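This report describes a single protein chain, going from individual residues to the chain overall. Please keep the sequence and the 3D view at hand while reading.

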Amino acid sequence: MMTKVSYYDLKQEIIQKIKKNGGWVNAHAHIDRAYTITKENFHYTKASLQEKWELNNELKQTSSIDVIYSRMAMAIENMLEQGVSCLGTFIDVDQYIEDKAIKAGQKIRDTYKKDITIVYINQVHYGVLDKTARKWFEIGAEFVDIIGGLPERDKGKEAEHLDVLFSTAKKMSKMAHVHIDQYNEPNQHDTELLAKKTIEHGLKGKVVGIHGISIGAQKKEYREQLYKLMKEADLMMVASPLGWIDTRRNEILMPFHNALTPVDELIPAGMTVAIGTDNIADIYKPFTDGNMWEELHALLEAAHFYDVEELVKIATVNGRKALGIA
């Protein structure tokens with residue numbers, strides 16, 4: 001007869017605490033393009049991040065409102081099965097998809113308004129400085145709850161990009177979520193610029209950086225000064241561990257680190273860090289299925305961050321704060 005083994009089941013403890021704290025909060029996703037991986041487009045997964053930005057254009061043009069709605073609904077059902085109570089998701093609004101994701105998003109909100117809190121953020125794949133891109137940015141900004149940004153799409157004019165985002169956010173009394181430091185390279189200093197612009201525009205506590213994996217590529221002295229600046233700006237961060245664990249090998253010499261938001265340093269430095277699934281079953285992340293526990297597990301193991309109470313906060317209250325619904 002086998003003797004039952006008793007052990008400290010940390011996974012179950014964390015999951016139970018998450019339930020008691022109002023359920024999972026997925027603070028970063030892109031559900032309008034979820035479940036779009038096919039046998040025909042699977043080869044696109046080998047492309048670079050920048051190439052994938054362009055490869056989705058045909059998908060945007062050919063997807064109807066009903067198809068986008070169905071993809072989003074499938075993602076919402078996935079979240080509900082896991083006990084997700086709040087979801088922050090970017091939606092594409094540009095010259096290729098136009099307002100189709102907006103219309104699908106409104107239908108989704110009407111359908112699931114009693115089941116889950118949904119916070120929409122506009123994705124700006126083509127920046128905000130080009131005339132056409134600005135038009136769709138402004139259309140998206142009117143609809144969404146939070147202003148979205150991607151400064152590297154206005155390469156060389158990242159500061160101007162942030163000026164447009166933050167001026168719009170202030171005018172509309174909305175928060176801003178900004179993709180930053182995504183290349184895992186020491187020559188990126190997006191988070192520093194984001195923090196300085198946050199202070200300049202008087203948006204302390206209203207701005208969230210998404211990913212920030214290049215922070216770990218910096219030397220310790222720089223990181224320590226950066227954390228002080230981030231703290232001054234009351235800048236929050238959202239980690240999507242599985243979204244960046246596949247960062248490709250390069251020959252750049254830099255401090256040894258994992259390709260993820262450095263939660264092990266940000267939390268002790270007093271920053272609010274939340275978690276999200278990022279892309280789900282598309283050409284960016286074909287094997288990712290939107291599992292919240294897998295994301296949190298990847299984060300805690302990769303960062304060797306075993307503080308149970310802080311992990312629960314990352315999965316719950318920190319996410320609500322980052323989405324402006326605390």
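## Lys-60

Lys-60 sits in helix 3, residues 57-62. Helices (H or I, at least four residues) and strands (E, at least two) are DSSP runs, numbered from the N terminus. The model is predicted: local features need pLDDT of at least 70, side-chain atom pairs count only at pLDDT 80 or more, and totals for chains, interfaces and linings use all residues. Residues are numbered from 1 along each chain as its sequence is written, and side-chain values use heavy atoms, with hydrogens and water left out.

Is Lys-60 buried or exposed? Lys-60 is buried, at a relative accessible area of 3%. Buried means under 20% relative accessible area, exposed over 50%, and partly exposed in between (1.4 Å probe, protein chains only). The side chains of Lys-60 and Asp-94 are joined by a polar contact of 2.6 Å. A polar contact is a pair of N or O atoms within 3.5 Å; within protein, one must be able to donate a hydrogen and the other to accept it, and residues adjacent in sequence count only if both atoms are side-chain atoms. Not counting residues up to four places away in sequence, Lys-60 touches Asp-92, Asp-94, Tyr-96, Ile-97, Lys-100, His-125 and Tyr-126. Contact means heavy atoms within 4.5 Å.

## Helix 5

Lys-100, one of the residues that Lys-60 touches, belongs to helix 5 and is buried there. Helix 5 covers residues 100-112, which is 13 residues. From its first C-alpha to its last it reaches 18 Å, close to the 18 Å expected at 1.5 Å a residue. The expected span is 1.5 Å times one less than the number of residues.

The packing partners of the buried residues are helix 3, helix 4 (65-82), strand 2 (84-92), strand 3 and helix 6.

## Asp-145

Asp-145 lies in the loop between helix 6 and strand 4. Asp-145 is partly exposed, with a relative accessible area of 31%. Its side chain makes a polar contact of 2.7 Å with the side chain of Arg-109. A polar atom of the Asp-145 side chain also lies 2.8 Å from the backbone nitrogen of Tyr-120.

Not counting residues up to four places away in sequence, Asp-145 touches Arg-109, Ile-118, Val-119, Tyr-120, Lys-174 and Met-175. Val-208 is 63 residues from Asp-145 along the chain, and their C-alpha atoms are separated by 13 Å.

Helix 7 runs over residues 158-172 and has 15 residues. It reaches 21 Å from first C-alpha to last, close to the 21 Å expected at 1.5 Å a residue. Its buried residues are Glu-158, His-161, Leu-162, Val-164, Leu-165, Phe-166, Thr-168 and Ala-169. These pack against helix 6 (131-143), strand 4 (146-149), strand 5 (175-180), helix 8 (190-200) and strand 6 (207-211). After helix 7 comes Ser-173, with a positive phi near 55°.

Gly-127 is in the loop between strand 3 (117-123) and helix 6. Gly-127 is buried, with a relative accessible area of 2%. Beyond residues up to four places away in sequence, Gly-127 touches Ala-133, Arg-153, Asp-154 and His-161. Gly-127 and Glu-158 are 31 residues apart in sequence and 9.4 Å apart in space, C-alpha to C-alpha.

Strand 1 (residues 24-29) is mostly covered, with 6 of its 6 residues buried. Strand 1 pairs with strand 2 in the parallel sense over 4 bridges; pairing requires at least two DSSP bridges between two strands. Ala-29 stands opposite Thr-89 in strand 2.

The largest nonpolar core has 81 residues, and those with the most contacts inside it are Ile-91, Ile-108, Phe-166, Leu-296 and Ile-314. Helix 4 gives the most to this core, with 7 residues. Apart from this core lies another, of 15 residues, including Ala-27, Cys-86, Ile-210 and Ala-322. A nonpolar core is a set of buried Ala, Val, Leu, Ile, Met, Phe, Trp, Tyr and Cys residues joined through side-chain atoms within 4.5 Å.

## The chain overall

The protein chain has 14 helices and 8 strands. Buried residues make up 55% of its 326 residues. Among contacts between residues at least 6 apart in sequence, 83% join residues at least 24 apart.
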